[in-house]
Amino acid sequence: MALCSTVFTSRRTRRQRRRPCALKWTQESKKSFRGKERGAAVGAKLTTKGAATRDRIIEGAAAEIREHGVTATLDDIRARTRTSKSQLFHYFPDGREQLLLAVARYEADRVLADQQPQLGDLTSWASWLAWRDAVVARYREQGQQCPLSALTTQLGRATPGARAVVTELMGQWQAEIAAGVTSMQSAGEIASDIDPVRTAAAIVAGIQGGVVMLMSTGDTTPLESALDLAIAYLQASSPVTTDR
């Protein structure tokens with residue numbers, strides 16, 4: 001769900017080791033499919049059908065990477081998405097990195113989508129606790145794998161594309177939490193002198209630290225503790241006594 005530590009590594013299965021076709025574009029292949037097709041896929045607005053096909057490729061590639069890591073092959077993605085090689089080159093003419101970046105954006109969107117509707121409605125302590133439970137449940141389900149981290153590591157965290165994906169994700173996530181803090185301040189449930197932006201940044205940092213430990217140990221206790229203590233701190237700041 002979130003960007004995780006780079007401690008995740010993909011273990012190749014016997015099925016993967018037999019795969020003969022790596023997910024890559026050769027220079028010759030790139031030249032063959034650039035030009036007119038690149039303009040259709042990148043420079044021009046996609047038709048409804050074209051957008052659906054591109055989305056299917058991204059979703060299929062994401063599913064393959066979640067199951068088998070970034071060693072997913074071109075043949076696997078083609079089979080999973082029922083697309084031809086020419087279609088892959090058409091929608092991703094710049095090759096493997098372009099496809100991986102699209103998948104990284106897809107996975108980043110899932111980070112926030114998996115926390116909804118609770119994340120977008122942090123207007124009561126009940127909704128904060130429901131959000132906390134949703135976060136823990138999702139990470140418990142994800143376990144010790146983090147496809148977004150694997151993708152950004154493969155792309156290179158310092159590259160503009162990968163950095164933009166992570167920056168946008170963290171910005172949106174923190175903004176949602178900060179909005180929740182502000183809403184609770186307006187309702188008199190959180191002290192007015194607490195900085196919503198810094199608080200949101202600290203909560204996201206706590207989640208990330210908990211996830212790193214989860215990936216290392218398989219234990220969700222640090223993640224749960226980080227969320228519980230953050231919420232308890234906010235509750236304790238309340239200038240009024242409420243029934244929680």
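Mentor: Start with how helices are assigned. Helices are DSSP runs of H or I, at least four residues long, and strands are runs of E, at least two long; both are numbered from the N terminus. Now take helix 9, residues 147–155.

Some ground rules. The model is predicted, so to speak of a local feature takes pLDDT of at least 70 and side-chain atom pairs count only at pLDDT 80 or more, while totals for chains, interfaces and linings use all residues. Residues are numbered from 1 along each chain as its sequence is written, and side-chain values use heavy atoms, with hydrogens and water left out.

Is helix 9 mostly covered or mostly open? It is mostly covered: 7 of its 9 residues are buried. Buried means under 20% relative accessible area, exposed means over 50%, and partly exposed lies in between (1.4 Å probe, protein chains only). The buried residues are Pro-147, Leu-148, Ser-149, Ala-150, Leu-151, Thr-152 and Leu-155. What do they pack against? Their partners are helix 4 (48–68), helix 7, helix 8 and helix 10. Let us follow three of those partners.

Helix 8 spans residues 125–142. A search of the whole structure finds 2 aromatic pairs. Trp-125 and Trp-128 make a tilted pair, because their ring centres are 6.4 Å apart and their planes meet at 50°. The cut-offs: rings of Phe, Tyr and Trp (its six-membered ring) pair if their centres lie within 6.5 Å; planes under 30 degrees apart are stacked, over 60 edge-to-face, and the rest tilted. Together, ring pairs link Trp-125, Trp-128 and Trp-131 into a cluster. Trp-125 counts as buried at 8% relative accessibility. Trp-128 is buried at 0%, and Trp-131 is buried with a relative accessible area of 0%.

Arg-132 and Asp-133 form a salt bridge at 2.9 Å, N to O. By definition, a salt bridge puts a side-chain nitrogen of Lys or Arg within 4 Å of a carboxyl oxygen of Asp or Glu. Arg-132 is buried at 13% relative accessibility; Asp-133 is partly exposed at 43%. Salt bridges link Arg-132, Asp-133, Arg-140, Glu-224 and Asp-228 in a network.

Now helices 7 and 10. Glu-168 and Arg-105 meet in a salt bridge, 3.1 Å from N to O. Glu-168 lies in helix 10 (residues 160–186) and Arg-105 in helix 7 (residues 96–113), so the pair ties together parts 63 residues apart in sequence. Both ends are partly exposed: Glu-168 at 37% relative accessibility and Arg-105 at 33%. The structure holds 11 salt bridges.

Step back to the whole chain. The protein has 12 helices and 0 strands. Of its 244 residues, 45% count as buried. A contact means heavy atoms within 4.5 Å. Among contacts between residues at least 6 apart in sequence, 79% join residues at least 24 apart. The protein exposes about 12400 Å², and carbon and sulfur atoms supply 51% of it. That area comes from the Shrake-Rupley method with a 1.4 Å probe; for residues, only the protein chains shown count as cover.

pLDDT is the predictor's confidence in each residue, from 0 to 100. The mean here is 79, and 79% of residues reach 70 or more. Over residues 5–44 the pLDDT is below 50, although this stretch has 70 contacts in the model beyond near neighbours in sequence. Where pLDDT is low, the predicted coordinates should not be read in detail.
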